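Please keep the sequence and the model in view while reading.

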Amino acid sequence: MNNQTTGAKKIIPIVPQEGYTPPPADEVLVSLYAAHEKIYPRSVTGLFSNWRWGMVVLTQLIFYGLPWLEWGQRQAIVFDLGVRRFYIFGLVLYPQDFIYLTGILVISALSLFLFTAVAGRLWCGYACPQTVYTEIFLWIEKKMEGDRSARMRRDAKPLSIDKLWRKSAKHFLWLAVALWTGFTFVGYFTPIKELGREFLQMSMSSWEMFWTFFYGFATYGNAGFMREQVCKHMCPYARFQSAMFDKDTLIVTYDEKRGEPRGARSKKADLSTLNLGACVDCSLCVQVCPTGIDIRKGLQYECIGCGACVDVCDTVMDKVGYPRGLVKYTTENAMKQGWTQAQTMRHVLRPRVLVYTGILSAIVLAMVVSLSMRTLFKVNVVRDRGVMAREVEDGKIENVYRLQVMNATEATQRYKITVGGLPGLAMASETIVTIASTEARVLAVRVQAPANVATPGSHPMQFEIDSLDSPGHLTEKSIFMVPR
Amino acid sequence: MLARKMMWIAWPAFMMAGVLEMVVFALVDPQNLHWFGQPLALSREGIYTLAFFVFWIITMASSALTTLLAMSPFEVNHCPMSPGDRPNGCSK
């Protein structure tokens, strides 16, 4: 009876596959993105830690110190956005010199590729502001709240006077460092001494104030709270590092062959009878890791190459009397084939490294040559549109031009303007002009030629501009009109 | 998860806004800018700052769309909240 209806509406039932049980929905979601747990990095001492502190001091001496350097009558380095001039020691750059900024960015990117190919994430471990400020903030944290275990214990306890003052002092110091960082940052764009006076008199412009606090707040947030999250979830470099890595790149590696099977043991126990590797499974390498990974699981994108685990493992190996280097800074090939340091170093010069070095040197060279050959003045010629050409006394023909002459140096300069390209062509207005330092002037220039110099129409001519007080010569082409 | 998505949206956009700022203001002097025929009554610093945030908001919108489109069908169809927090009618 129902045959007709079922025939018209053919239903294909959806049934679960045999033996399949769907996973609980929440589990799938959560397993993809583990909830963030606060990391309490334990402080560490050793070779790599010393290097990192050296770099912290060096980079911050440069960053905090440079704006205070003087060059002649002005700040040595200031990117003065208000007047659109970049002063870098003796060099003054203008918006027209944008190509050099591009050059610097390309050089930075290529240097990063080169360093990464040779020695992994050197930038991340030692020079990245994220690492450097985190290191400074961690140091303050340790001074105020103690090391990892003390911090963890205190955080688990309810609020007390002791906890309150320690936390407040920490945040106060963090804010002070952050604010100073923001102030220094703005000091690269506005003369810092003036800025300091304005800051003390509370008369900073609202924009300067805004950027000081914005940059300061970013430092406080990134180094105090976000920390490894920035490296893990925000930094694109970590994601494409594998494009620059190969098997001869120096990375932080765990010697699995030697370390496994890991396990705790008594100090007096004989290793040969225990069926255990050299790893005592003390978990210190995990505790010191600023990104909270276990290096024994192999190279992971979260590893910033800081070497904290190498330092701590070496101290443990010393304590238990095993040779150092269970976790070490070496290449994948060297670890697998047991190369000596000299053998490893021999593999540094390989095609990838040579190509990066070649391109980098070529661009650096091009930039240096171009900078040293750059003329220190600029000229732009525009024909005066109002006056095409006219006849003046003695039947001479006159054309009017507008010359924009820009003096890119920091001293007043005189320029001599001459014309050529047609017989008898001569300047009718002043030929020597004076332009103040880093200024541009628009000059109305009259050029005359004898009557019948050429057929009616337009003829090519050129302006020759010579700098009288410093070497430099420019030729600018234009057109001379002869009326009918 | 939300915080992580915010980071994916804000940070790449921030970097690109910085690049835009450099490229645009290498070519354009803020003092030559006009708004409905009138010169802008703002200092160069003011225009740099405001322009940076305009760039950042726009590039963030782009990142946000990418984040939205990069979600797998599973994530789109699935209620992102844990069972206890789900509003009525959200049974997935």
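A residue counts as buried if 20 or more other C-beta atoms lie within 10 Å of its own, as exposed if 12 or fewer do, and as partly exposed in between. The model is predicted.

**Contact between chains A and B**

- The contact is formed by 17 residues from chain A and 18 residues from chain B.
- On the side of chain A that touches chain B, at least two residues each come from α2 (25-32), α4 (98-119), α10 (206-226) and α11 (228-234) of chain A.
- By class, this side of chain A has eleven nonpolar, four polar and two charged residues.

**Domains of chain A**

- The domain assignment of chain A gives domain 1, made of 47-99 + 123-235, and domain 2, made of 377-482.
- Taken over C-alpha atoms, the centres of domain 1 and domain 2 of chain A are separated by 51 Å.
- Four residues of domain 1 of chain A are in contact with four residues of domain 2 of chain A.
- The side of domain 1 that touches domain 2 in chain A has two nonpolar residues, one polar residue and one charged residue.

**Packing of α6 and α10 in chain A**

- Helix α6 (residues 129-145) of chain A packs with α10(A) at an angle of about 75°, and their axes are 8 Å apart.
- Because of that angle, α6(A) is roughly perpendicular to α10(A).
- From α6(A), the contact is made by A:Gln130, A:Tyr133, A:Thr134, A:Ile136 and A:Phe137, and from α10(A) by A:Thr219, A:Asn222, A:Ala223 and A:Gly224.
- This contact of α6(A) with α10(A) has four nonpolar, five polar and no charged residues.

**Helix α8 of chain A**

- Helix α8 (residues 161-187) of chain A has 27 residues, and its reach of 38 Å from first C-alpha to last is close to the 39 Å expected at 1.5 Å a residue.
- Its buried residues are A:Trp174, A:Ala178, A:Thr181, A:Gly182, A:Phe183, A:Thr184, A:Val186 and A:Gly187.
- The buried residues of α8(A) pack against α3 (47-65), α6, α9 (192-200) and α10 of chain A.

**Helix α1 of chain B**

- Helix α1 (residues 2-27) of chain B has 26 residues, which should span 38 Å at 1.5 Å a residue; its end C-alpha atoms are 37 Å apart, which agrees.
- In α1(B), B:Ile9, B:Ala13 and B:Ala17 are buried.
- The cover over these buried residues of α1(B) includes α2 (44-69) of chain B.

**Backbone features of chain A**

- Most residues other than glycine have a negative phi, and most peptide bonds are trans.
- The peptide bond from A:Glu260 to A:Pro261 is cis, with omega near -10°.
- A:Pro261 is placed in the loop between α13 (256-259) and α14 (271-274) of chain A.
- A:Ser283 is a residue other than glycine with a positive phi, near 65°, and is found in the loop between α14 and α15 (284-288) of chain A.
- A:Ser283 counts as exposed because it has 11 C-beta neighbours inside 10 Å.
- A:Thr438, also a residue other than glycine, has a positive phi near 45° and is placed in the loop between β13 (432-435) and β14 (440-449) of chain A.
- With 16 other C-beta atoms within 10 Å, A:Thr438 is partly exposed.

Notes: Residues numbered from 1 in each chain as written. Chains lettered and ligands numbered in written order. Predicted model: local features only at pLDDT ≥ 70, side-chain atom pairs only at ≥ 80, totals over all residues. Contact = placed C-beta atoms within 7 Å. Helix = DSSP H or I, 4+ residues; strand = E, 2+ residues; numbered from the N terminus. Nonpolar A, V, L, I, M, F, W, Y, C, P; charged D, E, K, R; others polar. Domains from an automatic or database assignment. Axes fitted to C-alpha atoms, helices over the stretch in contact; angles between N-to-C directions. Parallel < 35°, antiparallel > 145°, perpendicular 65-115°, else oblique. Expected span 1.5 Å × (residues − 1).
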